[in-house]
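I opened this entry to log what I looked up, item by item. Cut-offs go in where a term first comes up.

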Amino acid sequence: MSDLFSLDGRVAVVTGASGALGGAMARGLARAGARVGLLARRRERVEALAEKIGADALPLVADVLDREQLEATRAELLDRWGAVHVLVNGAGGNVAEATTTEERGIFDIPEGPLREALDLNFFGTLLPTQVFGEAMAEADGDRCIVNVSSMAVDRALTRVVGYSAGKAAAENLTRWLAVEAAKRYGPELRVNAVAPGSFLGEQNRAMLVGEDGELTERGRTIVDKTPAGRFGEPEELVGTLVYLCSPAARFVTGVVVPVDGGFSAFGGV
């Protein structure tokens, strides 16, 4: 069984590695045996994470919306390890100005922030896929791309309109790429996604937890509608991610796996 879920000899790239979820996923891939490129905009964060992981980690500094920067980090990674087998598109998130508030309805949201949210969540998935996927198509053996979707795709979550639309586009892209990759490059190149429920991170903490540490009204609503009765811990994404990247999932492509404490199964009654 250890061989079935092993990533020994694999080279992975995790975008958004400086965040809570991205960092947890990168550490999990390393524990499963992969060498991991840690890609994010903030150098000090990925360097600190690389130091914790050790020799099997390489800090890569790039904006996922800048193709030239991505290509430079791809060259750096290939020069170090010679191949790419796994890509985790963890970069993404909400844009505050692309949300509704009591004062700002959907008809009042400026076009700019909405485009920013769409770019971050859709093109922030597409561009790394194009850049690193080109190298993955030339590698040997089982390879996989894992995107990060959201509970906001399949049901309307209030306020986060820009984020929801961007993640919906990225999830559709996941299924489209799964078909395209298998037909064009062979079934050894797989594309799947994980859909986290509510996990606390830098971007959403203030929306879910007050300065006093108590849940906000929105945070309490989410917890009440999550059968597990709590927020997820970043490490709880790792098992699903490692499975999707491992030989155990070599006949699995085009799926979106919820890791949500039952949120997507509950009708609220």
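I count a salt bridge when a side-chain nitrogen of Lys or Arg is within 4 Å of a carboxyl oxygen of Asp or Glu. The model is predicted, so I note the ground rules: local features need pLDDT of at least 70, side-chain atom pairs count only at pLDDT 80 or more, and totals for chains, interfaces and linings use all residues. Residues are numbered from 1 along each chain as its sequence is written, and side-chain values use heavy atoms, with hydrogens and water left out.

**Entry 1: salt bridges**

I searched the whole structure and got 10 salt bridges. I looked at Glu-235 and Arg-27, whose closest N and O atoms are 3.1 Å apart. Glu-235 sits in the loop between α7 (217–224) and α8, and Arg-27 in helix α1, so this pair ties together parts 208 residues apart in sequence. Helices here are DSSP runs of H or I with at least four residues, strands are runs of E with at least two, and both are numbered from the N terminus.

I then checked cover. I call a residue buried under 20% relative accessible area, exposed over 50%, and partly exposed in between (1.4 Å probe, protein chains only). Glu-235 is partly exposed at 36%. Arg-27 is also partly exposed, at 30%.

Glu-235 has another partner: its side chain meets that of Arg-31 in a salt bridge, 3.1 Å from N to O. Arg-31 belongs to helix α1 and Glu-235 to the loop between α7 and α8, so this pair links parts 204 residues apart in sequence. Arg-31 is exposed, with 56% relative accessibility.

I also looked inside helix α7. Arg-220 forms a salt bridge with Asp-224, with the closest N and O atoms 3.4 Å apart. The two are 4 residues apart in α7, which means a separation of about one helical turn. Arg-220 is partly exposed, at 40% relative accessible area. Shared partners join Arg-27, Arg-31 and Glu-235 into one salt-bridge network.

**Entry 2: the chain as a whole**

I counted 8 helices and 7 strands in the protein chain. Does the radius of gyration agree or disagree with a compact globule of 269 residues? The two agree: the rule expects a value near 18 Å, and the chain has 18 Å. I took the radius over C-alpha atoms, and the rule is 2.2 Å times the number of residues to the power 0.38. Along its principal axes, the C-alpha trace spans about 50 × 40 × 40 Å.

Buried residues make up 47% of the 269. For contacts I required heavy atoms within 4.5 Å. Of contacts with a separation of 6 or more, 67% come from residues 24 or more positions apart. The chain exposes about 13100 Å², and carbon and sulfur atoms supply 51% of that. These areas come from the Shrake-Rupley method with a 1.4 Å probe; for residues, only the protein chains shown count as cover.

**Entry 3: cores**

My nonpolar cores are sets of buried Ala, Val, Leu, Ile, Met, Phe, Trp, Tyr and Cys residues joined through side-chain atoms within 4.5 Å. The largest has 33 residues, and Leu-29, Val-36, Leu-38 and Cys-245 have the most contacts inside it. Among the elements giving two or more residues are β1, α1 (20–31), β2 (35–40) and α8 (238–245). The largest share, 5 residues, comes from α8.

I listed partners of Leu-38 beyond four places in sequence; they include Val-14, Ala-26, Val-46, Leu-49, Ile-53 and Leu-60. Another core lies apart, with 26 residues, among them Leu-39, Leu-126, Leu-127 and Ile-145.

**Entry 4: single residues**

Is Thr-15 buried or exposed? Thr-15 is buried, at 0% relative accessibility. Its place is strand β1.

Gly-268 lies in the segment after β7 (256–259). I found it partly exposed, at 33%.

Leu-4 falls in the segment before β1 (11–15). Leu-4 is partly exposed, at 35% relative accessible area.
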